[in-house]
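Let's walk through this fold together, one piece at a time. Please have the sequence and the 3D view open as you read.

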Amino acid sequence: MDKLISIIMSTFNETNEELRCSIESILNQTYNNFELLIVDDNPNNSELANCLSGITDSRVRIIY
């Protein structure tokens with residue numbers, strides 16, 4: 001059994017495109033036994049929060 005890997009990503013003022021590209025890059029890796037923890041370091045950025053709320057992959061967890 002493959003070991004679970006935790007990936008931590010911090011966000012602050014990235015554009016939606018930068019954020020999407022980064023997340024897609026991680027989700028498309030060949031190793032699949034991972035969790036992606038995304039820390040939203042800018043709760044006042046509603047555009048960023050909207051982008052994060054659209055993520056449906058069960059391996060992703062958002063921390064506000």
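A crossover between two strands counts as right-handed if, with the strands pointing away from the viewer, the path from the first strand over the helix to the second runs clockwise. Keep that picture in mind while you look at this model, which is a predicted one. Strand S1, helix H1 (residues 16–27) and strand S2 form a β-α-β unit, and its hand is right-handed.

Now follow the chain as a whole. It holds three strands and two helices, and starting at the N terminus the elements come in the order β-α-β-α-β.

How do the first two strands meet? S1 covers residues 5–11 and S2 covers residues 34–40; the two run parallel and are joined by seven bridges. You can find individual positions in this pairing: Met9 lies opposite Ile38 in S2, and Thr11 has Asp40 of S2 as its bridge partner. In general, strands of a sheet pair through backbone hydrogen bonds, in either a parallel or an antiparallel way.

Which order do the strands take in it? The sheet is open and has three strands, ordered S1-S2-S3 with parallel pairing. S1 and strand S3 (60–63) are the edge strands, each pairing on one side only. From one strand to the next, the twist averages 20 degrees.

The helices come next. H1 packs on the sheet and touches S1, S2 and S3, and its direction makes about 175 degrees with that of S1. Helix H2 (residues 46–53) also packs on the sheet, with S1, S2 and S3 all touched, and its direction makes about 160 degrees with that of S2.

Buried residues account for 30% of the 64 residues; here, buried means under 20% relative accessible area. The accessible surface of the chain is about 4,500 Å², and carbon and sulfur atoms contribute 50% of it.

Finally, consider the overall dimensions. The C-alpha trace spans about 40 × 20 × 15 Å along its principal axes. Why does the radius of gyration agree with that of a compact globule? Because a compact globule of 64 residues would have a value near 11 Å, and the chain has 12 Å, the two agree.

Methods. Residues numbered from 1 in each chain as written. Predicted model: local features only at pLDDT ≥ 70, side-chain atom pairs only at ≥ 80, totals over all residues. Heavy atoms only, no water. Pairing = 2+ DSSP bridges. Helix = DSSP H or I, 4+ residues; strand = E, 2+ residues; numbered from the N terminus. Rg over C-alpha atoms; globule rule 2.2 N^0.38 Å. Buried < 20%, exposed > 50% of the residue type's maximum accessible area, 1.4 Å probe, protein only. Areas by Shrake-Rupley, 256 points an atom, 1.4 Å probe, with all protein chains shown as cover. Axes fitted to C-alpha atoms, helices over the stretch in contact; angles between N-to-C directions. Contact = heavy atoms within 4.5 Å.
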